[in-house]
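Me: Please examine the structure shown below with me, in the form of questions and answers.

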There are 2 protein chains.
Amino acid sequence: MMLTKNSPAAACAPGTPAGIIADAEAQALAQSLKAIADPARLKLLSIISAQDRGEACVCDLTEPLGLGQPTVSHHLKILVEAGLLTREKRGTWAYYTVIPDALRVIVERVTAL
Amino acid sequence: MMLTKNSPAAACAPGTPAGIIADAEAQALAQSLKAIADPARLKLLSIISAQDRGEACVCDLTEPLGLGQPTVSHHLKILVEAGLLTREKRGTWAYYTVIPDALRVIVERVTAL
DNA sequence: TGGATACATCGACGCTTGTCAATATAGAGA
DNA sequence: TCTCTATATTGACAAGCGTCGATGTATCCA
């Protein structure tokens with residue numbers, strides 16, 4: 001049941017019974033999941049990580065998604081703010097890369113439910 | 001549909017390049033993730049699976065969530081329709097149970113991105 | 001210097017979502 | 001039967017989200 005008083009920073013809120021996810025962690029995990037819970041953003045993650053260099057600029061992404069450039073930029077921003085992508089500006093272009101274990105961390109917190 | 005040349009049932013749509021998630025699968029996976037991407041529903045999954053019998057009725061859930069009964073019923077319905085919970089009516093009560101590997105299936109599709 | 005290109009931001013629009021109060025349904029017990 | 005209890009459904013509302021067109025910003029090149 002994990003009554004651990006010594007556990008890592010994970011999930012220990014005042015009134016939360018043992019083994020049940022704390023309010024704050026539920027909130028945080030939900031927000032991470034919301035970042036992925038969109039077809040366009042799933043395709044973005046898939047396309048970028050399938051790229052040869054592991055990176056892609058906006059102009060590579062707008063066409064396979066069938067969305068306008070502002071919309072793609074908007075989705076990329078959400079993924080960056082969720083800690084799933086990095087953005088690197090080189091010249092006129094902005095290159096986006098998938099942060100290796102970011103998805104795995106989210107997935108593990110879900111599995112631990 | 002199923003234009004599959006030879007690959008497993010996974011992800012092969014007409015115009016979709018190899019290794020990139022198909023439109024339909026992105027749509028489906030996003031919908032599954034939306035079902036989990038809510039603090040109240042994460043807590044529901046956590047609380048129910050932490051129960052002794054592995055099951056809980058609505059009256060057990062409304063108080064630890066701090067939400068009204070109709071709202072809890074609403075969230076439970078979403079989880080049932082997403083294939084994450086089962087509902088069994090016994091007498092006046094409705095008992096909800098977590099479907100064992102439902103979360104794992106979702107998680108694996110995410111990891112395969 | 002000026003124009004062209006790649007990207008970000010803004011404002012607006014419809015659609016979805018989370019929540020509640022009120023009401024409906026259905027089973028248990030008198 | 002009638003009443004009480006547990007749950008589901010409905011209707012309404014505010015807030016959030018996805019999308020677009022228009023505009024702003026920054027970099028490159030002639």
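Me: How many salt bridges are counted between chain B and chain A?
Reply: A salt bridge is a side-chain nitrogen of Lys or Arg within 4 Å of a carboxyl oxygen of Asp or Glu. Between chain B and chain A the count is 2 salt bridges.

Me: On what basis are such values given?
Reply: This is a predicted model, in which local features need pLDDT of at least 70 and side-chain atom pairs count only at pLDDT 80 or more, while totals for chains, interfaces and linings use all residues. Residues are numbered from 1 along each chain as its sequence is written, chains are lettered from A and ligands numbered from 1 in the order in which they are written, and side-chain values use heavy atoms, with hydrogens and water left out.

Me: Which residue forms a salt bridge with A:Asp23?
Reply: The closest N and O atoms of this pair are 2.4 Å apart. The partner of A:Asp23 is B:Lys43.

Me: What area is buried between chain B and chain A?
Reply: Buried area is the accessible area (1.4 Å probe) that two parts lose on being put together, summed over both. Contact (heavy atoms within 4.5 Å) involves 27 residues of chain A and 26 residues of chain B. Carbon and sulfur atoms give 73% of the buried area, which is about 2,300 Å².

Me: In what order do the 3 strands of the open sheet in chain B stand?
Reply: Strands (E, at least two residues) and helices (H or I, at least four residues) are DSSP runs, numbered from the N terminus. Two strands pair if DSSP finds at least two bridges between them. In chain B, β1 and β3 are joined by 3 bridges, and β2 and β3 by 6 bridges. The pairing is antiparallel, and the order is β1-β3-β2.

Me: Why is one side of β1 and of β2 in chain B left without a neighbour in the sheet?
Reply: β1 (55–57) and β2 (85–90) of chain B each have a single partner strand.

Me: Which residue in the turn between β2(B) and β3(B) has a positive phi?
Reply: These strands form a hairpin with 2 residues between them. B:Arg90 stands opposite B:Trp93 in β3(B), and B:Glu88 has B:Tyr95 as its bridge partner there. The turn residue with a positive phi, about 65°, is B:Gly91.

Me: Which residue in β3(B) stands opposite B:Glu55?
Reply: β1(B) and β3(B) pair in the antiparallel sense. Opposite B:Glu55 stands B:Thr97.
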